[in-house]
Amino acid sequence: MEESLSLLGAIRQKFVCDRVDIRTYSPLTLAFVGDCIYDLVIRTIVVERGNTAPGVLHTKKSSIVKAQAQAAQADALMEELTAEEQAVYRRGRNAHSHSAAKNASIGDYRKATGLEALYGFLYLTDQTDRLLWLIAKGLELTGQQI
């Protein structure tokens, strides 16, 4: 029987990706990946809970992935984070992005970037269980429904 790989492991194997020391990644690079992973998790949950029109799926997903919702989750999760996770979050939150928030305050945008950096870090270090636990806990603590 073949051993199952994580998504990250399968990508690294299929596309022969070199291992890079995660500490060398900028916080905005971690947020770049974390934004996508968080979006993928939320999209997966929305689709798994019901096959419906794309517009309805988009509306459900958008209410959870917007900066304000992520900022609320970041605030709620602070006591749940390890010291290392808090450090990654702070690096992401304090990073100076060249893009501007479209429909969010600068504070919410920075908190969301910090959370995305943390999620990118957890994904790239293959800590999928912890990543999913934090996403679920953040949704629970903020009362956000999918």
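**Reading burial, pairs and patches**

Mentor: At 19% relative accessibility, lysine 137 counts as buried. Please keep in mind that this is a predicted model.

Trainee: Why does lysine 137 count as buried?

Mentor: The general idea is a cut-off: buried means under 20% relative accessible area, and exposed means over 50%. Lysine 137 has 19% relative accessibility and therefore counts as buried. Glutamate 140 counts as exposed because its relative accessibility is 55%.

Trainee: How many residues apart are glutamate 140 and lysine 137 in helix α7?

Mentor: They are three residues apart in that helix, which means that about one helical turn separates them. Glutamate 140 also forms a salt bridge with lysine 137, and their closest N and O atoms are 3.6 Å apart.

Trainee: What can side chains of opposite charge do when their charged atoms come close?

Mentor: In general, such side chains can pair. In this structure, a search of the whole model finds six salt bridges. One of them joins the side chains of arginine 23 and aspartate 21, at 2.8 Å from N to O. Arginine 23 is exposed, with a relative accessible area of 68%, whereas aspartate 21 is partly exposed, at 35%.

Trainee: Which residue forms a salt bridge with arginine 130?

Mentor: The partner is glutamate 85, and the closest N and O atoms lie 2.8 Å apart. This pair links distant parts of the chain: arginine 130 belongs to helix α7 (residues 128-142) and glutamate 85 to helix α5 (residues 83-94), 45 residues apart. Glutamate 85 counts as buried because its relative accessibility is 4%.

Trainee: Is lysine 61 buried or exposed?

Mentor: Apply the cut-off again: lysine 61 has a relative accessible area of 9%, so it is buried. Lysine 61 lies in helix α3 (residues 54-65). A polar contact of 3.5 Å joins the side chains of lysine 61 and aspartate 39. When neighbours within four places in sequence are left aside, lysine 61 is in contact with Asp39, Ile42, Arg43 and Val46.

Trainee: With which residues is threonine 113 in contact, leaving aside its neighbours within four places in sequence?

Mentor: Those residues are Leu28, Ala31 and Gly92. Threonine 113 is placed in helix α6 and is buried, with a relative accessible area of 8%. Alanine 71, in helix α4 (residues 67-77), is also buried, at 2%. With the neighbours within four places set aside, alanine 71 is in contact with Asp108 and Lys111.

Trainee: Which residues make the nonpolar surface patch?

Mentor: The patch is made by Leu7, Ile11, Phe15 and Leu40, and its area is about 390 Å². Phenylalanine 15 lies in the loop between α1 (7-14) and α2. Phenylalanine 15 is exposed because its relative accessible area is 60%.

Key:
Residues are numbered from 1 along each chain as its sequence is written. This is a predicted model: local features need pLDDT of at least 70, side-chain atom pairs count only at pLDDT 80 or more; totals for chains, interfaces and linings use all residues. Side-chain values use heavy atoms; hydrogens and water are left out. Helices (H or I, at least four residues) and strands (E, at least two) are DSSP runs, numbered from the N terminus. Buried means under 20% relative accessible area, exposed over 50%, partly exposed in between (1.4 Å probe, protein chains only). A polar contact is a pair of N or O atoms within 3.5 Å; within protein, one must be able to donate a hydrogen and the other to accept it, and residues adjacent in sequence count only if both atoms are side-chain atoms. Contact means heavy atoms within 4.5 Å. Patches are made of residues with over 30% relative accessible area and no salt bridge: like charges are joined within 9 Å, nonpolar side chains (Val, Leu, Ile, Met, Phe, Trp, Tyr) within 5 Å. Accessible areas come from the Shrake-Rupley method with a 1.4 Å probe; for residues, only the protein chains shown count as cover. A salt bridge is a side-chain nitrogen of Lys or Arg within 4 Å of a carboxyl oxygen of Asp or Glu.
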